[in-house]
Amino acid sequence: MNNRTTVMLSIVLAMLVASIDTTIANTTMPIIVKEIGGNDLYAWAFTSYMVLSTVLAPLAGRLSDLFGRKRIYAAGILLFLGGSVLCGLSESMLQLILFRAVQGIGAGVMMPFPSIIAGDIYPVEQRGKVQALFTGMWGLSAVLAPLLGTFFVTYLSWRWIFFVNIPICLVALLALLPYKEVYKPKKSVVDYGGAILFACGISFLLLTTTVAHYSYLYGGLGGILIFAFYLCEKGHSAPIVPLNLLRNRPIAIMIAGSFISCAALFGTSSFIPLFLQNQGYSLFISGIALLGTSVGWMAVAVPCGKWVIRFGYRPLLIAGNFLLVITAFMLYFIRENTSFWYSFGALTMLGLAFGLIFTVSTIGSQQLVEAHQKGISTSLQLFARNIGTAVSVTIMGAILTKSSAFYSGFHGMFVFGLLVSFLSFVIPFAIRSTSKQTA
């Protein structure tokens, strides 16, 4: 296999295990609690993974700009591998939470690299195809996660949901070894203080979306730390998040657009399966519905690189957000007796929308910055999407749980989604129409 093929094998496998581990615990956690106890700490097994995997992504991207892609990505795989082994050996819920945190750190370090490395080794016109492949891994994980979780707890042990990562991570590491890195890192002093302030500040802010108590305290601490981070970055010669990057108008608009579009509707994939199960469909069938998102996503992602060269960023982002508004209208009309195929169609439209928005903004985040900023720019896009998704899931979940009836709550969620999708549609108009990709 050539240099490009081996690294692609590595990043596809790493993305697959990280995406599966994001959701597989949903199936198995009730079984785990019965065996090791700690029901009062139940939610923290999800929270520790989610918070740290979100926070670490932009830091990993910046470190890859300073030290190179290969060594930082390999460190992420090793951390995820070690966390998986420890999770499988856990004897208490507290241990599982701590080791899930290690896993989350590894996942956060790994997750930006498929897009970053693809941006290094593939020309723009081929990048859409590569992004479509990554999307296929997310779609596959949506189906595999509940199936594998059910299989392991039924025939083996819940511990195998973590042990199964070991051979996959080892293959990913071996496939990475022959990779000769294309990007030449720009060495600089590491802003460790800024990194700590950023990680702690964002962690506290994210906790407000997942905890039931002291959310105002967490939010206040998070806000103070992020302000301190801003002051630290202003005076640092090599900031962990270069603030001048946010003065790049198209980049700043794409980051804001990614956040708002995800806050509008990306949480939908967390709730449509619940809706279908409430309609009497099985766990497997409700998971199959999520493939509609992957189908739509890949349909537009494959040709998207060529479209960027031909049309530029602005019209494609406007088109993607227009599709998002159409999706919001479709979801708005979901009712108690809505069929599986209508739900599948709405998720397919969602995939078309996000396939355009994500692929175009990923390409833009790489092509509109200097080479030594490509890692942090790409990972900030991922970070904005993750934060937007956390906001979406939190608000939609709150609307659903506080409603007196399931279906009225479900309808209320998509009233929120429709309103925010209109805001998302307006944002790309701020990009200058002359912004076009030629490199």
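In helix α12 (residues 268-278), the buried residues are Thr268, Phe271, Ile272, Pro273, Phe275 and Leu276. Buried means under 20% relative accessible area, exposed means over 50%, and partly exposed lies in between (1.4 Å probe, protein chains only). Just after α12, Gly280 adopts a positive phi of about 105 degrees. The model is predicted: local features need pLDDT of at least 70, side-chain atom pairs count only at pLDDT 80 or more, and totals for chains, interfaces and linings use all residues. Residues are numbered from 1 along each chain as its sequence is written, and side-chain values use heavy atoms, with hydrogens and water left out.

The protein has 18 helices and zero strands. Helices (H or I, at least four residues) and strands (E, at least two) are DSSP runs, numbered from the N terminus. Of the 439 residues in the protein, 55% are buried. Contact means heavy atoms within 4.5 Å. Among the contacts with a separation of 6 or more, 84% join residues 24 or more positions apart.

Helix α11 (residues 249-266) has 18 residues. From first C-alpha to last it reaches 24 Å, close to the 26 Å expected at 1.5 Å a residue. The expected span is 1.5 Å times one less than the number of residues. Helix α11 is mostly covered, with 13 of its 18 residues buried. Phe266 is found in α11. At 23% relative accessibility, Phe266 counts as partly exposed. Not counting residues up to four places away in sequence, Phe266 touches Ser261, Trp297, Phe354, Phe358, Thr389 and Ser392. Phe266 and Ala390 are 124 residues apart along the chain, and their C-alpha atoms are separated by 9.1 Å.

Leu245 lies in the loop between α10 (215-234) and α11. Its relative accessibility is 1%, so Leu245 counts as buried. Leaving aside neighbours within four places in sequence, Leu245 is in contact with Ile251, Val369, Gln373, Ile376, Ser377 and Leu380. Leu245 and Ser377 are 132 residues apart along the chain, yet 7.6 Å separates their C-alpha atoms.

Two packed helices are described by the angle between their axes and the distance between the axes. Axes are lines fitted to C-alpha atoms, for helices over the stretch in contact, and angles run from 0 to 180 degrees between N-to-C directions. Helix α16 (residues 340-367) and helix α17 (residues 374-402) pack at about 150 degrees, with axes 8 Å apart. Helix α16 is therefore roughly antiparallel to α17. Angles under 35 degrees count as roughly parallel, over 145 as roughly antiparallel, 65 to 115 as roughly perpendicular and the rest as oblique. The crossing of α16 and α17 is right-handed. A crossing is right-handed if the near helix is turned clockwise from the far one by less than a right angle, and left-handed if anticlockwise. Phe358, Ser361, Thr362, Ser365 and Gln366 in α16 meet Lys374, Ser377, Thr378, Gln381 and Arg385 in α17. By class, this contact has one nonpolar, seven polar and two charged residues. Ala, Val, Leu, Ile, Met, Phe, Trp, Tyr, Cys and Pro count as nonpolar, Asp, Glu, Lys and Arg as charged, and the others, Gly among them, as polar.

The axes of helix α2 (residues 44-67) and helix α4 (residues 93-110) come within 7 Å and cross at roughly 25 degrees. Helices α2 and α4 are therefore roughly parallel to each other. Helix α2 passes α4 in a right-handed crossing. The contact residues include Trp44, Tyr49 and Leu52 of α2, and Met93, Ile97 and Arg100 of α4. By class, the contact has 13 nonpolar, five polar and one charged residues.
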